[in-house]
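Please look over the sequence and the model below before reading on.

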Amino acid sequence: MNIEFFSEAAGRYASAANERFYRMIAAALLKKVPAYIDPKSILEVGAGTGFTTAEIRAKWPNACITALEPAAGMLRIGRAAATDVDWRADRLADFQGSKYDLVVASMSYHWLTPAEREKLISLAGQGVLVLAIPVSTSRRSGRDSRMTPAQTALLETVHSLRVEPGWPRETRRPELLLEGFSAKFRHVAVDELTVDEVYEDASEFIESLSARGALEALFGRSADAAVTELDARLSGLTGISFSWAISLTTASNDNNLTRYL
Ligand SMILES: C[S@@+](CC[C@H](N)C(=O)[O-])C[C@H]1O[C@@H](n2cnc3c(N)ncnc32)[C@H](O)[C@@H]1O
């Protein structure tokens, strides 16, 4: 279902604001790859319109990059933007790949099925796996427990519509990510990145949640009702702040990594 969503939303997804947001996350994520690693083969899972792909290419100009993107609308834009990449229209479940020096999934891991999440791990083999995953807690919000009006409105809308987030719990909690990956890899590091954004008004905030698939994930079939509620709760506000908590996970079985992670 999320693949049809992303296919239809591709034009809105490919906005300048989203490019800034996703490239900033990708750049922070790729910095987690230890400097001595020079990957010859890189697999990117859920490559979308190519924001992360562009960061990967800039960092490793000579690597062979395979980019998986099953949503046709996203793939069309990505393929046109990065022509020196082997784009595949596969879902991870259908992908016939072997092992890669580096596997990257930036803001896509939480959309994968449990079997696909296992497959991602096996594709990394002895290489390195890096993941950027939106999570529900942030160290920053721990320090400053006051919620912004946008956070309050979102939480109240979740409660009022009685929805269960579509993103699995084990991908939303940094401590569960650490526990899960530690059982599969010898070396794991989970760091957190907070991306603060300010939106002009309620409609810009709601559009950003929508185009990134967050409304779809949080509210599913109630997404339209959520838009109406959020709009009413935030009506008249300007300069709306919102913090995105993103977990950056690095995992590998390579023993040389011990001193880096
Ligand atoms: C939020 S976008 C992130 C795109 C990109 N990584 C970026 O940085 O802009 C998530 C992407 O994951 C893709 N996706 C969803 N399910 C997938 C699956 N089972 N296998 C591969 N990709 C998937 C979606 O089509 C979507 O393009």
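In what follows, an axis is a line fitted to C-alpha atoms, for helices over the stretch in contact, and angles run from 0 to 180 degrees between N-to-C directions. The model described here is a predicted one.

Two packed helices are described by the angle between their axes and the distance between the axes. In this model, the axes of helix α2 (residues 16-30) and helix α3 (residues 51-59) come within 8 Å and cross at roughly 40°, and the two helices are therefore oblique to each other. The crossing of α2 and α3 is right-handed. The residues that meet are set out by helix in the table.

| Helix | Residues in the contact |
|---|---|
| α2 | E19, Y22, R23, A26, A27 and L30 |
| α3 | F51, T52, A54, E55, I56 and K59 |

The next topic is the nonpolar cores. The largest nonpolar core has 50 residues, of which V103, L129 and A132 touch the most other members, while strand β5 (residues 128-134) gives the most to this core, with 6 residues. Leaving aside its neighbours within four places in sequence, V103 is in contact with L43, V45, L120, L123, A124, G127 and L129. A second, separate core has 15 residues, among them A202, L209, L215 and L234.

Finally, helix α4 (residues 72-81) has G73, M74, L75 and G78 buried, and the elements that cover these buried residues include α1 (2-13), α3, β2 (64-68) and β3 (86-88).

Definitions and conventions
Residues are numbered from 1 along each chain as its sequence is written. This is a predicted model: local features need pLDDT of at least 70, side-chain atom pairs count only at pLDDT 80 or more; totals for chains, interfaces and linings use all residues. Helices (H or I, at least four residues) and strands (E, at least two) are DSSP runs, numbered from the N terminus. Angles under 35 degrees count as roughly parallel, over 145 as roughly antiparallel, 65 to 115 as roughly perpendicular and the rest as oblique. A crossing is left-handed if the near helix is turned anticlockwise from the far one by less than a right angle, and right-handed if clockwise. Two residues are in contact if their C-beta atoms, placed from the backbone, lie within 7 Å. A nonpolar core is a set of buried Ala, Val, Leu, Ile, Met, Phe, Trp, Tyr and Cys residues joined through C-beta atoms within 7 Å. A residue is buried if 20 or more other C-beta atoms lie within 10 Å of its own, exposed if 12 or fewer, and partly exposed in between; C-beta atoms are placed from the backbone.
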